[in-house]
Amino acid sequence: MTRISTKSHNATRISLGRLIRSYQKGELDSQTFRDLVYGLNLLLAFFKHESDEDLAKRLEAIENKITPAQLR
């Protein structure tokens with residue numbers, strides 16, 4: 001079985017690539033591959049959502065520091 005790491009976005013992305021290569025080599029059956037890819041895609045979407053929230057908070061903090069006169 002292919003090693004799967006889900007500690008971070010990058011580790012999960014690498015694991016997804018590892019799964020794809022294992023499937024191409026015939027080491028995984030279709031249903032197992034499909035189930036694992038589905039789960040990893042959900043996790044990657046969560047990581048992206050978390051990253052988007054962090055960016056929104058950073059943007060809001062920057063916007064709060066800018067005065068209306070600086071926007072003109």
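## Starting from L44

Let's begin with one leucine: setting aside residues up to four places away in sequence, L44 touches H9, T12, R13 and L16, where contact means heavy atoms within 4.5 Å. The model is a predicted one, in which local features need pLDDT of at least 70 and side-chain atom pairs count only at pLDDT 80 or more, while totals for chains, interfaces and linings use all residues. Residues are numbered from 1 along each chain as its sequence is written, and side-chain values use heavy atoms, with hydrogens and water left out.

## The nonpolar core

L44 also belongs to the largest nonpolar core, whose eight residues are L16, L19, L28, F33, V37, L40, L44 and F47. Such a core is a set of buried Ala, Val, Leu, Ile, Met, Phe, Trp, Tyr and Cys residues joined through side-chain atoms within 4.5 Å. Buried here means under 20% relative accessible area, exposed means over 50%, and partly exposed lies in between (1.4 Å probe, protein chains only).

At least two residues of this core come from each of α1 (9-24) and α2 (30-65). The largest share, five residues, is supplied by α2. Helices (H or I, at least four residues) and strands (E, at least two) are DSSP runs, numbered from the N terminus.

## How the two helices pack

The axes of α1 and α2 are 10 Å apart, and the helices pack at an angle of about 160°. That angle is why α1 counts as roughly antiparallel to α2. The axes are lines fitted to C-alpha atoms, for helices over the stretch in contact, with angles running from 0 to 180 degrees between N-to-C directions. Angles under 35 degrees count as roughly parallel, over 145 as roughly antiparallel, 65 to 115 as roughly perpendicular and the rest as oblique.

The crossing of α1 past α2 is left-handed, meaning that the near helix is turned anticlockwise from the far one by less than a right angle (clockwise would be right-handed). On the α1 side the contact is made by H9, T12, R13, S15, L16, L19, I20 and Y23, and on the α2 side by S30, F33, L36, V37, L40, N41, L43, L44 and F47. These residues divide into 11 nonpolar, five polar and one charged. In this count Ala, Val, Leu, Ile, Met, Phe, Trp, Tyr, Cys and Pro are nonpolar, Asp, Glu, Lys and Arg are charged, and the others, Gly among them, are polar.

Now for S15, a residue of helix α1 that is buried at 0% relative accessibility. Beyond its neighbours within four places in sequence, S15 is in contact with R3, I4, S5 and L40.

Leaving aside neighbours within four places, S5 contacts A11, T12 and S15. From S5 to L16, 11 residues along the sequence, the C-alpha atoms are 9.2 Å apart. S8 is also found in the segment before α1, and at 31% relative accessibility S8 is partly exposed. S8 and F47 are 39 residues apart in sequence, with 7.8 Å between their C-alpha atoms.

## Along α2 to E60

Helix α2 also holds E60, which is partly exposed at a relative accessible area of 48%. The C-alpha atoms of E60 and Q70, 10 residues apart along the chain, are separated by 15 Å.
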